[in-house]
Amino acid sequence: MEIEYRPIDISDFDEVKYFFITHEYSWRDADPENFIPRSDEEREQIAKKYIIELQDPKEKYHCLGAFLHNKLIGSHFLDRYIIEGKSACHVHGLWVDPSFREKGVAHKLKELGETWARSKGCLLMDSNVKVSNKAMISLNERMGYKVARYNFRKEL
Ligand SMILES: CC(C)(COP(=O)(O)OP(=O)(O)OC[C@H]1O[C@@H](n2cnc3c(N)ncnc32)[C@H](O)[C@@H]1OP(=O)(O)O)[C@@H](O)C(=O)NCCC(=O)NCCS
């Protein structure tokens, strides 16, 4: 399988739009019960917003895709900011098309995300995972991620 890993092409509006739709899929597939899809108008706005953001030389955001024959089959959306006083990289989303799961695509996307974050001077990676998301918890642990905080909730 000849998968190409590269940042999305911001000159291709449809590619950018679909990247952010797959970002919605990362929420949908991780937590189907609470998923609310965006409207097509919102999707257009998001694509326009990030086409501008991704041209900023500060490179706050990074949108990495895994492509098979130029079709996006995996996405990784990263954002740099300060966490606990340290330059950090937050993972907003990671998604792999169900037909291509358990083949190491997410692992590769995460590795490339870390390489990018390191190249920008980040000292840590940060991500949130639902307790029920066994696949993601397992992948994080395998790649050396440790639990940094708990998010407590109580039904009212
Ligand atoms: C979580 C998710 C991103 C993982 O993607 P993936 O591409 O299947 O992940 P990988 O293939 O890199 O690793 C997953 C497992 O497959 C296994 N695997 C990797 N390559 C393999 C191969 N060639 N053959 C068999 N298994 C393999 C890995 O060992 C890993 O298992 P482990 O973590 O228990 O050790 C994917 O399931 C997904 O998109 N889920 C829905 C969205 C989601 O939950 N996103 C995260 C939100 S926080």
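These questions and answers concern the ligand site and the sheet of a predicted model.

Me: Which helix or strand gives the most residues to the shell around the ligand?
Reply: The ligand is surrounded by 19 residues. Helix H1 (13–30), strand S4 (86–96), helix H3 (105–119) and helix H4 (134–142) each supply at least two residues of that shell. The top contribution is 4 residues, and it comes from H4.

Me: How many charged residues does the shell around the ligand have?
Reply: Glu102 and Arg142 are among the closest residues to the ligand, and Asp, Glu, Lys and Arg count as charged. Sorted by class, the shell has 8 nonpolar and 6 polar residues, and the number of charged ones is 5.

Me: How far from an oxygen atom of the ligand does a polar side-chain atom of Arg142 lie?
Reply: A polar contact needs N or O atoms within 3.5 Å. A side-chain N or O atom of Arg101 is 3.4 Å from a ligand oxygen, and a backbone N or O atom of Val96 lies 2.9 Å from one. For the polar side-chain atom of Arg142, the distance to a ligand oxygen is 2.6 Å.

Me: Which strands are the edge strands of the sheet?
Reply: The open sheet has 5 strands in the order S1-S2-S3-S4-S5, with mixed pairing. An edge strand pairs on one side only, and this applies to strand S1 (3–7) and strand S5 (124–126).

Terms used. Residues numbered from 1 in each chain as written. Predicted model: local features only at pLDDT ≥ 70, side-chain atom pairs only at ≥ 80, totals over all residues. Heavy atoms only, no water. Near = heavy atom within 4 Å. Polar contact = N/O pair within 3.5 Å; in protein donor to acceptor, adjacent residues only side chain to side chain. Pairing = 2+ DSSP bridges.
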